[in-house]
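We will go stop by stop, and each stop tells you what to select.

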Amino acid sequence: MRSPLSKLLVVVNGSESSIGAARYAISLAKAYRCSICAVYVVDTATIRQLAISRIFVPDESNEYESSLEGSGRRLLGYVTELAEAEGLKAETVMRKGAIPAEVIGLAEEIEADCIVIGETERKSAFKDALMDVYMEIASNSPCPVIIVRGKHAAGCSQES
């Protein structure tokens with residue numbers, strides 16, 4: 001019987017819960033012997049809105065985007081290290097644009113069987129905005145979406 005999972009897409013954003021989701025996705029990939037792709041999206045759509053609203057001046061927008069790109073490279077590198085520690089190879093992708101559109105587009109491109117995301121953190125200043133992003137992903141995804149909660153979303157180790 002064919003495994004229901006052959007390609008996982010995990011979304012990382014720098015939160016502890018997204019790292020927990022990456023660890024959970026790595027565990028799934030190992031258990032189901034499937035491949036894993038981690039994506040980080042530089043939210044240029046929001047940066048553009050902040051510039052239009054004159055909250056950011058152009059130099060600030062460029063500096064913030066560069067900062068997000070650096071964070072994304074570090075996070076994707078960390079996910080690669082986590083996967084390698086489990087004997088797996090993780091593909092990593094950085095995208096720019098609106099987070100839901102980029103995640104859904106990538107899921108379609110790579111023919112992901114599942115998208116894995118971490119729960120929104122209860123104390124996050126951006127909880128409502130992030131929940132809207134996650135709801136849009138879940139509502140428009142071409143595949144099932146797993147929202148990782150609890151100890152896995154908190155980034156705890158997954159001991160048997």
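Here is a short tour of some charged side chains and their partners.

A few ground rules: this is a predicted model, where local features need pLDDT of at least 70, side-chain atom pairs count only at pLDDT 80 or more, and totals for chains, interfaces and linings use all residues. Residues are numbered from 1 along each chain as its sequence is written, and side-chain values use heavy atoms, with hydrogens and water left out.

**Stop 1: Lys 7.** Select Lys 7 in strand 1, residues 7-11 (strands are DSSP E runs of at least two residues, helices H or I runs of at least four, both numbered from the N terminus). Is Lys 7 buried or exposed? Lys 7 is buried because its relative accessible area is 17% (buried is under 20%, exposed over 50%, partly exposed in between, with a 1.4 Å probe and protein chains only).

**Stop 2: Arg 95.** Now select Arg 95, which is buried at 16%. Show Glu 109 too: these two form a salt bridge, with the closest N and O atoms 2.6 Å apart (a side-chain nitrogen of Lys or Arg within 4 Å of a carboxyl oxygen of Asp or Glu). Glu 109 lies in helix 4 and Arg 95 in strand 3, 14 residues apart. Glu 109 is exposed, at 55%.

**Stop 3: Glu 119.** Finally, select Glu 119 and Arg 149, a salt bridge at 3.3 Å. Glu 119 is buried, at 14%, whereas Arg 149 is exposed, at 54%.
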